[in-house]
Amino acid sequence: MDWMIVLAFISQMVRISVPYTLAAIGGTFSERGGVVNIALEGILLNGAFTCVLATHYTGNPWVGVLAAVAGGVATASVHAVVSITFKAEQIVSGLAINLLAMGATRFFLRIIFGSSSNSERIAGLPEWDVPVLGDIPVLSTIFSSPLILATIVIIFASQFVLFKTSFGLRLRSVGEHPEAADSLGVNVSRVRYAGVLLSGALAGLGGAWLAMDQHSFTDGMSSGRGYIALAAMIVGKWNPLGAAGACLMFGAAESLQMQLQGQDVPTQFIQMIPYVATVVVLAGFIGRSIPPAADGVPYEKERQ
Amino acid sequence: MSPPPKSGTDSPSIPFLKMEGISKQFALVKANDCANLDVNRGEIHALVGENGAGKSTLMRILYGLYRADSGRMYLDGDPVELRSPADAISLGIGMVHQHFMLVPPLSVTENVVLGSEPLRAGVVLDLKGAAERVKELSETFALAVDPDARVEELSVGAQQRVEIVKILFRGARLLILDEPTAVLTPQETESLFVILRRLKEQGKTIIFITHKLSEVMEISDSVTVMRHGKVVGDLKTAETNTEELATLMVGRKVLLEVEKGAPARGETVLELKDVHALGASKVPTLRGISLRVCSGEILGVAGVQGNGQTELVEVITGLRKPSSGSLRLLERDITGLSPREMLKLGVAHIPEDRLKRGLVPAFTVSENLILGSHFRPPFAGRLWLRREDIFENARSVLRRFDVRPQAPALPARSLSGGNQQKLIVGRELSRDPKLLVASQPTRGVDIGAIEFIHRNLIAQRDRGCAVLLVSADLSEILSLSDRIAVIYEGRIVGTVDSTQADEKKLGMMMMTGVLAKEDGNGAGES
Ligand SMILES: Nc1ncnc2c1ncn2[C@@H]1O[C@H](COP(=O)(O)OP(=O)(O)OP(=O)(O)O)[C@@H](O)[C@H]1O
Ligand SMILES: [Mg+2]
């Protein structure tokens, strides 16, 4: 039946876009505060790894989720110290963290699980039984997942925090004009730290999704999602809702790619779909997307 | 709380604010050197001094942005220690900075509440309540700001009023205004003064920095003069005059009037014929400009801000393409040439916005001094820039144009505003241009430097250069120009000889766009 295919498509699209969305909203918090964060890729990877590790040792997937968030925050804190306290080049810091995360997870994978490719299988999160929504065929798989439900809440909560709270206002102002915020007694470094650590927590949670979805850790499993998330953040014009929308679109492109596999279109072309979609959208459709004015610029108080 | 003591009889001995022995050393300069400042409650206190005298630095210390190396401060007789602007704000001190501290994409209300956000239910920003309060303040003090407007869409004058609202919103008793009039048109300055008087009536104390001594005489109750980081004078406004202040500031007598001989007018250097151009928002802004500047003369362009002056300058320097009409430079058609080609033909440009168009703030002084000549000898070799020549050039320009400190390796942004301006003037004049386009050449510079820049503009004229001078300052136009063209709604509505012009006549033409006929005839006959 046709509509079953449509529902399956939607369900797959949503599942694919979960880690993108979490990382893209994380990136939004970081960059709104003025810190470019390409370390999202490494944070996803570390989050997935700490999740698997904690679940493996405790047998409790919830502990795993917490560990993923903690791992993400820890990774992001390195980026924060390097780029906010030491005012180093933020792209370089991010790249270094990504390379380090690749190497470190591979190393510990070998030491702990004795394999160069994947960990042992871990327990997944229990499914929830949500009334009404859980009764829709196929889509029930979406609404029974605690992480998907959490992501939906996070999208709206983030939009609220960024635009309706004093923290959000301060974050946006230190990303646009840190001198102005400073002149009003706002502690620029502290607010920027908060933005970067928050991005670590969110992208770490995205890592937890990757691990839970697959019930294991595999080497390099973030496979570029952090970078796609950055693109989604830009397409979404540094708004959580916009980022989520962009991620759904990327999810749709990937889902389409999977549905088309096995048809008589050459696979190389099919595999290009998500990337072509990214390029086309970035280049043409969204109009001008203007980053925060002080994005990537370290703040120095008494400039000499 | 007891009612605040009325100023006058009770405690004239305890000033509202006392700063004592304040010193601050930067890497290369001692910006404040044991400076003392006493300000009485409810007065408007002017702070004047040359560029780089340390006025902004002293005020930044008072606002908690910089920490003094030594010295003490008292507010109402109590010693205060300021670790950050937050401390100053909680004591009722507010500051409007020389370069505004506004976040352009945010709304007026968001800018106003930033850092002191009113909350509902502990977390939610109460923007509605804040907007009400902004409206209230705006009405009480005749500030006319719209709480919902986005700051980047406001005029400079309106942005300044937002800064004032920002301070009042925090309940400030002491307002510091760092060169508020430098960026304002004469009309906007008048309305600022109305606001300041109203604030004073309400019992606020105001510190007001300016380079215009006429403003000091008009608005202030007392004056403090700074020089080289020290306070060199503390006077009642009523007991002093502009000459005395000028002498105190500069340390010598200053010529407030420029002396110039009659122009030796030569061939036509620049000629515009029926030039049309679009403005920033794609509306026709130049609507048929025709004018001519000869070698050896200064043509002043007078007009109310926003009548096409900016676009006119941009068209002549190649920064904006005219949509129709023609430009000729020394018999050569230059319509639509690029800024670099114009530069090569001998057009020099002192831009109105020094930070946007005049300098690269992060570059060093010596690098800024070769912008526009960086691609040719002696600064450019075959492959590399020639450091020695670049430094030698910097040293000589800094010396000739008295830019302080004379440090070629300093980033341009560390210079005080007036010294940045001298840097640009120095660079442009040392090109030995055939045509000099000077737009607001003395904005934000001290009287000593104004005298200096004016003398140099006249020296250029006497050398045979054609000078086009655009200025919002009518007295500057009147004292420098040989002829004055009045621009109105994108057209030149009349050109008068400066010997036959006065402020009243020009003012009429600027406001109405018509040449006052009888006046013109009368002047011609007499
Ligand atoms: N952050 C800084 N780092 C290094 N030097 C500085 C800094 N701020 C100011 N200075 C220097 O300190 C001196 C005093 O500068 P300040 O800005 O206080 O002068 P000012 O009196 O406000 O001048 P202006 O009228 O031109 O605004 C100048 O020589 C300036 O170059
Ligand atoms: Mg200053």
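**Exercise 1.** Determine whether helix 7 (residues 166–176) of chain A in this predicted model is largely enclosed or open.

*Solution.* Step 1: a residue counts as buried under 20% relative accessible area. Step 2: nine of the eleven residues of helix 7 of chain A are buried, so this helix is largely enclosed by the rest of the structure.

**Exercise 2.** Identify the residues that make the nonpolar surface patch of about 420 Å², and classify Val280(A) by its accessibility.

*Solution.* Step 1: the patch consists of Val265(A), Phe269(A), Met272(A), Val276(A) and Val280(A). Step 2: Val280(A) belongs to helix 12 (residues 267–285) of chain A. Step 3: the relative accessibility of Val280(A) is 39%, so this residue counts as partly exposed. Step 4: an α-helix has 3.6 residues a turn, so residues three or four places apart point the same way.

**Exercise 3.** Describe the open sheet of six strands in chain B and the helices packed on it.

*Solution.* Step 1: the strand order is 18-19-20-15-21-22, with mixed pairing. Step 2: strand 18 (347–350) and strand 22 (491–497) of chain B are the edge strands, each pairing on one side only. Step 3: from one strand to the next, the twist averages 20°. Step 4: strand 19 (residues 435–439) and strand 20 (residues 466–470) of chain B pair in the parallel sense over five bridges, and Ala438(B) stands opposite Leu469(B) in strand 20. Step 5: helix 9 (residues 309–316) of chain B packs on the sheet, touching strands 15, 18, 19, 20 and 21, and its direction makes about 155° with that of strand 19. Step 6: helix 17 (residues 503–512) of chain B touches strands 15, 21 and 22, and its direction makes about 25° with that of strand 21.

How values were computed. Residues numbered from 1 in each chain as written. Chains lettered and ligands numbered in written order. Predicted model: local features only at pLDDT ≥ 70, side-chain atom pairs only at ≥ 80, totals over all residues. Heavy atoms only, no water. Patch = residues over 30% accessible without salt bridge, like charges linked within 9 Å, V, L, I, M, F, W, Y side chains within 5 Å. Areas by Shrake-Rupley, 256 points an atom, 1.4 Å probe, with all protein chains shown as cover. Salt bridge = Lys/Arg side-chain N within 4 Å of Asp/Glu carboxyl O. Helix = DSSP H or I, 4+ residues; strand = E, 2+ residues; numbered from the N terminus. Buried < 20%, exposed > 50% of the residue type's maximum accessible area, 1.4 Å probe, protein only. Pairing = 2+ DSSP bridges. Axes fitted to C-alpha atoms, helices over the stretch in contact; angles between N-to-C directions. Contact = heavy atoms within 4.5 Å.
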